[in-house]
Amino acid sequence: MERSFGRDDVRGSVSHLRLVRYPVDFDRTVTSDIGQPVIQILVDIFGNAGAIALMTLVLVCIYHCGLFSMTSNSRMMFGFSRDGGLPKFFNHVDVKFRAPIRTIWLAAFLSFLLAIPSLGSSVAFSAATSIATIGLYISYGLPILVGLIWPSNFKKGPFNLRLASRWIALVAVLWIGFISIVFCLPTQNPVDSQTLNYTPVAVGIVALWAFGSWFLWARRWFTGPIRQIEAERMGIDLEEPGALEKAEAEGKLGSHVNEDKSQ
C-alpha cells in the first residue's frame, strides 16, 4: 500500500506539472465558454476528442471514489448504530447481500440532500465539495491528534514511523488545520450573499451538534465501540441490558479501562 501511495504521488505530480507548464493564454483559459480551465487546457493540447477521452477517465475515477466513500460511510454508520450512536434500525446486515443495506441507503440519501443546492448554484457546489474535503481531513486528523496528545494511550501497529511519528503527526495536524481554513474562504470576489462560502456554516452546525450532544447527554451512556464479535463468540447476549458490563465484572471480557491502563 505504501508503494501504491508513492506511485500515485509521482504520477499526480507529473500530470500537474504537465498542465501548468503548457503555454496557455491565461485570460482566455479562465474566461472560456467551457467554464472549466482544466478542460480548456486539455482541449488546447489534445483537441475535443482527446479531451473527452481523458475527462471520461477522470469521471470514471470520480465515480469509483464515490463508491469507496459510500462503502466507508455506510460501514461507519453501521458501527455507530451497533454502538448506540444511531437508532438500532440501522444495525442490520442484509442476509442476501451481506452488507448494511439500510445504512447504504441512509448515506446515499444524506449525500443527495447535501448535493441538491448545487443544482442551482456553483457556490453551493463549491461549498458541498469543501464540506466533503474538510470532513475527510478532520476524520483522519482527529485520531492523529489524539495520538499526539495522549501518546501513552495510543498503541502502535506493526508499521510505524518510530521517532519521526510525533513530528510527522504534528505536521499533519497543522496541515489539516490550515487546509480546513483555506476551504472555508470565499471562492469569488466581491463577497456577498451569492458568493459567500457557506462551508463554515455547515461544518459549524455539524460540530455544534456533535460536541453539544456529547456534553449534554451522550457522554453519560456512550462508552465506546462494542466488541461485538468477541462477545458473541463467548455467548454473551448483546441485546440484554448490562450484559457486557456483567461479563467484564466477571472477568469473561476484558474492560476497556484495564486495557488502556496496561498499555
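Hi everyone. The chain averages a pLDDT of 79, and 85% of the residues score at least 70; pLDDT is the predictor's confidence in each residue, from 0 to 100. So you know the ground rules: this is a predicted model, where local features need pLDDT of at least 70, side-chain atom pairs count only at pLDDT 80 or more, and totals for chains, interfaces and linings use all residues. Residues are numbered from 1 along each chain as its sequence is written, and side-chain values use heavy atoms, with hydrogens and water left out.

Let's start with the confidence by element. Helix α6 (residues 165-182) has the highest mean pLDDT, 91, while helix α10 (residues 256-262) has the lowest, 37. Over residues 255-263 the pLDDT is below 50, and this stretch has 11 contacts in the model beyond near neighbours in sequence; a contact here means heavy atoms within 4.5 Å.

Now the overall picture. The chain has 10 helices and zero strands, counted as DSSP runs numbered from the N terminus (helices H or I, at least four residues; strands E, at least two). Of the 263 residues, 18% are buried, where buried means under 20% relative accessible area, exposed over 50% and partly exposed in between (1.4 Å probe, protein chains only). Among contacts between residues at least 6 apart in sequence, 42% join residues at least 24 apart.

Next, please look at one helix pair. How do the axes of helix α5 and α6 cross? The axes of helix α5 (residues 122-149) and α6 come within 9 Å and cross at roughly 145°; axes are lines fitted to C-alpha atoms, for helices over the stretch in contact, with angles from 0 to 180 degrees between N-to-C directions. On the α5 side, the contact includes I134, Y137, I138 and G141, and on the α6 side it includes R166, A169, W175 and I176.

L185 counts as partly exposed because its relative accessibility is 46%. L185 and S130 are 55 residues apart in sequence, yet 9.9 Å apart in space, C-alpha to C-alpha.

Last, the cysteines. How many disulfides are there? The count comes to zero, a disulfide being a pair of cysteine sulfur atoms within 2.5 Å. The closest cysteine sulfur to that of C61 is in C65, 6.8 Å away, so the two are too far apart for a bond. C61 itself counts as partly exposed, because its relative accessibility is 49%.

Thanks, everyone!
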